[in-house]
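Here are my notes on this model, in numbered points. Please keep the structure open while you read.

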Amino acid sequence: MNETLLQVKHLQTNFYTENGVVKAVNDVSFAIREGETVCIVGESGCGKSITALSLMQLIPENGKVEGGEINFSGKNLLDLSKKDIRRLRGNEIGMIFQEPMTSLNPVFTIGEQMIEPIQEHLLLSKKDAYKKAMELITMLGIPNAEKIVNLYPHELSGGMLQRIMIAIALSCNPKLIIADEPTTALDVTIQAQILDLLRDIKKEFNTSMLLITHDLGVVAEMADYVVVMYAGKVVEEGPVLELFKNPQHPYTKGLLKAKPVIGERKDRLYTIAGQVPNLVDLHEACYFADRCEHAMDICRMKQPVLTEIAKGQKAACWLYEDGENR
Ligand code: SF4
């Protein structure tokens, strides 16, 4: 079994708002091994993107990581200075965001935005950094690299820009790539190309990946292991095949039921009734209780803990807790 590369333990990220403290990431733990792709999946607002941003200390100003550990390559990232985190972000961890257009600076050419970080992180001369940028652009299937480096972001399509973002993320040979909804803003055909590209990269460089997505199709194609989040908490996790074949938590079951299946025509797609709870106003209970058709009295009084219920598969649900734990 491969070594653990990233271990997140009891991560707690809160936001301070006019309405109170929002517990966006609430006691979240998971691990990624070398060469593994872990997908965090859930509805928008479940805390999956904030989890990724917390790892990189990129959360908005009114947010704060207030607990837990983020162990990466033997270091707790929460103990590092801003300067060290910045260095790590370029060197050992690459990031790909949903909107490539907003991640790139519109007033600099693609070349300027690629060459400088390569020079800085890999300590290369400008000439060698340029050569490396060319190699990466070509490797990612973009023709005319010499022309591309002189263009500005607005002169490229969304798919091309996302390839450039991937090239930037890969430029320093990272051990881990964090990709937050990398295909959401793209056309379906381009989405498939970008996913293929990410899969090839993983195979060729044995890079670990943390993929944040709301799309179970992406999860099915990319994940080795899946973490399902709801209202800031992990409610289920397990290897992708087991989780898709045999989901345990009512929320995971609902998500899978809501996924369209080719060949099955329905008048209406299934939706999970109700709303995600207000994360300011959380009380001791299962946060899914108001939307769960199996809710029992205990669910509204006590929070279930994540428990192993099948080999390698865990769920936080009172349906699987034995009497002793209640
Ligand atoms: Fe439903 Fe209760 Fe399980 Fe929550 S703990 S998902 S309310 S059965």
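1. Start with helix H11, residues 250-257. Helix H11 is mostly covered, with six of its eight residues buried. This is a predicted model, and the points below should be read with that in mind.

2. Which residues of H11 are buried? They are Pro250, Tyr251, Thr252, Gly254, Leu255 and Leu256. The cover over these buried residues includes two helices, H9 (216-222) and H10 (240-245). It also includes two strands, E9 (225-230) and E10 (233-239).

3. Take Pro250 by itself. Pro250 lies in helix H11. Its relative accessible area is 11%, so Pro250 counts as buried, the cut-off being under 20%. Setting aside neighbours within four places in sequence, Pro250 is in contact with Phe288, Cys292, His294, Cys317 and Leu319. For a distance check, pair Pro250 with Asn26: they are 224 residues apart in sequence, and their C-alpha atoms are 19 Å apart in space.

4. Now the ligand. How many residues surround the ligand? There are 13, and the closest are Cys286, Cys292, Cys299, Cys317 and Trp318. Two of these names, Cys292 and Cys317, have already come up: both are in contact with Pro250.

5. What is the make-up of the shell around the ligand by class? The shell has 11 nonpolar residues and two polar ones. It has no charged residues. As for the site, the space taken by the ligand is the largest cavity.

6. Next, the annotated domain. The UniProt record, an unreviewed entry, gives "domain: ABC transporter" for residues 6-256. Over residues 6-256, the chain is 41% helix and 28% strand. The end C-alpha atoms of that stretch are 27 Å apart. Please treat the label as the record's own, since such annotations may be inferred rather than shown by experiment.

7. Last, Leu211. Leu211 lies in strand E8, residues 208-213. Is Leu211 buried or exposed? Leu211 is buried, because its relative accessible area is 0%. Leaving out residues up to four places away in sequence, Leu211 touches Val38, Cys39, Ile40, Ala179, Pro182, Val218 and Met222.

Terms used
Residues numbered from 1 in each chain as written. Predicted model: local features only at pLDDT ≥ 70, side-chain atom pairs only at ≥ 80, totals over all residues. Heavy atoms only, no water. Buried < 20%, exposed > 50% of the residue type's maximum accessible area, 1.4 Å probe, protein only. Helix = DSSP H or I, 4+ residues; strand = E, 2+ residues; numbered from the N terminus. Contact = heavy atoms within 4.5 Å. Near = heavy atom within 4 Å. 1 Å grid on protein atoms, 1.4 Å probe; cavity = no way out; pocket = protein on both sides within 12 Å on 5 of 7 lines; lining within 4 Å. Sits in = over half its atoms within 2 Å of the grid points. Nonpolar A, V, L, I, M, F, W, Y, C, P; charged D, E, K, R; others polar.
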